[in-house]
4 protein chains.
Amino acid sequence: MGALPVSYTHLDVYKRAALHRSRQRLRRLGTEGLALQFGGAAGTLAALGDKGLAVTEQLGRELALPLPEAPWHTHRDRIAEAASVFAILTGSCGKIARDVSLMMQTDVAEAFEPAGAGRGGSSTLPHKRNPVAAAAALGAATMAPNLAATIFAAQVQDHERSAGPWHAEWPTLPTLELVTSGALAAIVDIAEGLDVDVARMRANLDTTHGLIMAEAISMALADSIGKSEAHHIIEAASRTAIADKKHLRDVLAADARVTAHLDTARLDRLFDPMAYQGASQTLIDRLLGSLDT
Amino acid sequence: MGALPVSYTHLDVYKRAALHRSRQRLRRLGTEGLALQFGGAAGTLAALGDKGLAVTEQLGRELALPLPEAPWHTHRDRIAEAASVFAILTGSCGKIARDVSLMMQTDVAEAFEPAGAGRGGSSTLPHKRNPVAAAAALGAATMAPNLAATIFAAQVQDHERSAGPWHAEWPTLPTLELVTSGALAAIVDIAEGLDVDVARMRANLDTTHGLIMAEAISMALADSIGKSEAHHIIEAASRTAIADKKHLRDVLAADARVTAHLDTARLDRLFDPMAYQGASQTLIDRLLGSLDT
Amino acid sequence: MGALPVSYTHLDVYKRAALHRSRQRLRRLGTEGLALQFGGAAGTLAALGDKGLAVTEQLGRELALPLPEAPWHTHRDRIAEAASVFAILTGSCGKIARDVSLMMQTDVAEAFEPAGAGRGGSSTLPHKRNPVAAAAALGAATMAPNLAATIFAAQVQDHERSAGPWHAEWPTLPTLELVTSGALAAIVDIAEGLDVDVARMRANLDTTHGLIMAEAISMALADSIGKSEAHHIIEAASRTAIADKKHLRDVLAADARVTAHLDTARLDRLFDPMAYQGASQTLIDRLLGSLDT
Amino acid sequence: MGALPVSYTHLDVYKRAALHRSRQRLRRLGTEGLALQFGGAAGTLAALGDKGLAVTEQLGRELALPLPEAPWHTHRDRIAEAASVFAILTGSCGKIARDVSLMMQTDVAEAFEPAGAGRGGSSTLPHKRNPVAAAAALGAATMAPNLAATIFAAQVQDHERSAGPWHAEWPTLPTLELVTSGALAAIVDIAEGLDVDVARMRANLDTTHGLIMAEAISMALADSIGKSEAHHIIEAASRTAIADKKHLRDVLAADARVTAHLDTARLDRLFDPMAYQGASQTLIDRLLGSLDT
């Protein structure tokens, strides 16, 4: 991690933490959410005489499923909760994939999916490294919300036997599981082989000619001349930097109102992105710590 | 409860238990799920200098929100979980409302929403008691799955600032909350005043001419002549009862293969729905017990 | 048709007309909506030299697809229109199936899906004829809206090559087509063999003790005593009929304010549902006429 | 238009054509799709005596709505078609907005939404021009598919009176119309003031060091040495160009297998993107022509 600019590590542990929260949701689903459903024709276990509850318990043991208080055949909130856990995980995979596909753009080129024979390449457009895994996860994230919506809609069932909604679950829940599994596999693939171009990341930061550090300079200057005046000076200097295609530091270094309070060495330090990280390291450590739970 | 046929009480505690499971989901959302989001322009709290974490803690206390490990602005799984909890609750309300609207049909007439001045009546069709609250809950349950789907879809956000998906949450999440709240209010209204016609429920059971007890008779007969033979006899007798518009008991009472094992008094007892409840009472007690947690 | 009560014929031609409107949408899709997509790596046909347009035309002929003005690879409105046509048709099938499943209820028993060996029956609950085809169509109608939503969502594609949304179409559009096809097959099955119990329909009408004719009586009485007074009398009489479990005709026949204007023979005619059809026959003829277009 | 590189003009007329197809769908909706609904309590117009059809016609004239064959209160395919037309238009707006937001990225910087006082700027991050209108359209395109799904789902209505689904239409259809209208307004705003940086577009094309022209070179070389051999040579040269960070032209100019067939002047021409446009101009003219219909 030490070799990576903090900005990327920062993103990364955020992504890992999002996936970890979904892992915790999946775990809870297995231990509490998805309970055995077994009830007979009318949900009374009557056809089993006085053995209904014993059979229920034995079945739960064999299937390793938690026992519910009672059969729940047409109350599908547990199934809907499962669907939502899958959809949320797929959504997190989609968010990660979006970022990767944005970084893989030819004009950005900060990170790339792992290369491989016949993978993501194009002989027609050989400069491209297509986001193959990211596309899979983004496709999944386009589908999952609506598959989950079908499961939610199927909660509205007639009395003790659904005529239709239940049947809508049959193809939909397995499809949602496949889609979720596919999204997760794609993200694992990305996570295991993401090819990060640290130099390009830093170069891209530098293309803004120091403008990304405007807030840092403004805060430092505010210590001397107050927030409002500092904000005013930096905003005007930023406009000048953009209009004249100059580096913001050069504009500021030529402004006596600034140099009166921030000398050249101080300005240089303020323009180092690595020196304006706020609480990032603490936040990263906390997120890393949470992954063990 | 003793005065109601078990079949209805049975439904009722199932419905209450489904709502209770949603109450537990809502509670978990409040204590764990929905954590404070506070991070500044880049999620680093940098503009607050060394006070970022202290401000975060104070803000969490004032808003009574759990603290997250770190800001999570573009990782929206927590928001998606909230949306899913609302949608699942609305789905359970829709299921309850469906049952009520089915029972309110003119041809069924087993239960009715509370009457009231100007409510659900029709001067053009004065025999109707329209399912006003149930319609509200069913309308909500038609909307909620797709409102939740929008929130899931909005998880796919660009880097540290969403261009669009985040904005889709703004009108959608409050609408989902209103829809959920409306569905729940409608169900509370129904629950507090449902007008159950016990006599009609029993009369409707009797219109099947004993056929609903076919399983019970078949199980009793199986004790003497085996499952397969019992099933065969009852199935044929059921067909005869339907074709000849006779009560199943009368068909069976004329069949020596049956009367050899089940005398008239036994047959009469077997045709009492109250005597074929399986584990219902235990299941009901368990569900009732779960409501306290 | 003459043998059926108008009320059912009326429903029926409405259903057929709804399906016919979807047939017209499907036709338009075939002749205009779904045009050939062929454009090469960048949509310019450049790799075909000067033969691009000729190849396009020949391909359109061979696939019998209308030619677009230009390739449209990442503008998916045509695909979204196809999805919407499928979803709308499935919705109409769902509406028809809902009505059939409501009529098949044990307590209503007005119409039944065609019976068949092993179809929709239950040996445990032999009185039931389960709505097998209706359940299939209702299941489809639960899925189709959300499958179409995925196709709509997939319109948002990146530049000239989609990373994800396009891939979401691949499994979704064929699934939507299967679901639509299944819904339609179920409705054809129902339409070809629906078993209507005309006597029970009429008996169910009669269970309201004349209350369904309240509007007709009120209109007739209004000719003599004005709308407001007529409405007032009929509303009070309806309440009496419900409270005393009497036929509305008997309540009215004992009310001199009514009999002064409507004698017994007139009252009897007014309580005949077949005599209060409004413009039904004209509307039915128009709908039937529209089916030929 | 002459001043813009064809690649952008090409995108532009494609976008306009997509919007135009939606305009045609909206027109058809106005003239055919959305017909008057007027039918009275049971859809028979009976309460109007023999004036039902005349009142219907007059009402249609006053509301300037096409007349249907008959009332259609619980057959909602027309409403569903309207919703789909809105959702498809919003989807096309979302696609346009996605492209704009991608072009506005700091690292791409090819086009920008119109600037304006207080619009899309950030004093904290002054280098950014945030995609304000594009975000609005993308937010709308995140919502519209699911609002349309609710309308589709609401097609499944009970008999002649819906208990719930119809009510779900009430808030949803107006919201969908607002969302569509907002998306379209955002795109109009973009279309009227998009600030295109032609020089940056060309510069970005050049950053691929000629690799985007690989197909063009390969086709030209194939005329002399066959497709397979040409493909093989260009693919290897492309890998070399990437690995050595050289321009593809320089790699090819050093390869005798290439220069034997393509001299320097020819190579230079082949690397001009403006010379490899295929049928673009014809396609553009066709699309422009279609906008008048």
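In the predicted model, C:Glu81 forms a salt bridge with D:Arg28, in which the closest N and O atoms lie 3.3 Å apart. Between chain C and chain D the count of salt bridges is 10, and across this interface 24 residue pairs are found in polar contact, with both residues at pLDDT 80 or more. On the side of chain C that touches chain D, the elements giving two or more residues are helix H1 (6–33), helix H2 (52–63), helix H3 (77–103), helix H4 (132–153), helix H7 (214–225) and helix H12 (280–290) of chain C. Of these, H3(C) gives the most, with 15 residues. By residue class, the side of chain C that touches chain D divides into 31 nonpolar, 18 polar and 17 charged residues.

The contact draws 66 residues from chain C and 66 residues from chain D. The area buried between the two chains is about 5,600 Å², and carbon and sulfur atoms give 60% of this area. C:Glu69, C:His75 and C:Lys95 together supply 12% of the area that chain C buries against chain D, which is more than any other three residues supply.

As for the relation between the two copies, chain C is superposed on chain D by a rotation of 180 degrees with 0.1 Å of shift along its axis, the RMSD being 0.1 Å. The two copies are thus related as by a two-fold rotation axis. Because 100% of the interface residues of chain C are also interface residues in chain D, the copies meet through the same surface.

Conventions: Residues numbered from 1 in each chain as written. Chains lettered and ligands numbered in written order. Predicted model: local features only at pLDDT ≥ 70, side-chain atom pairs only at ≥ 80, totals over all residues. Heavy atoms only, no water. Least-squares fit on C-alpha atoms with pLDDT ≥ 70 in both. Contact = heavy atoms within 4.5 Å. Buried area = accessible area lost by both parts, 1.4 Å probe. Salt bridge = Lys/Arg side-chain N within 4 Å of Asp/Glu carboxyl O. Polar contact = N/O pair within 3.5 Å; in protein donor to acceptor, adjacent residues only side chain to side chain. Helix = DSSP H or I, 4+ residues; strand = E, 2+ residues; numbered from the N terminus. Nonpolar A, V, L, I, M, F, W, Y, C, P; charged D, E, K, R; others polar.
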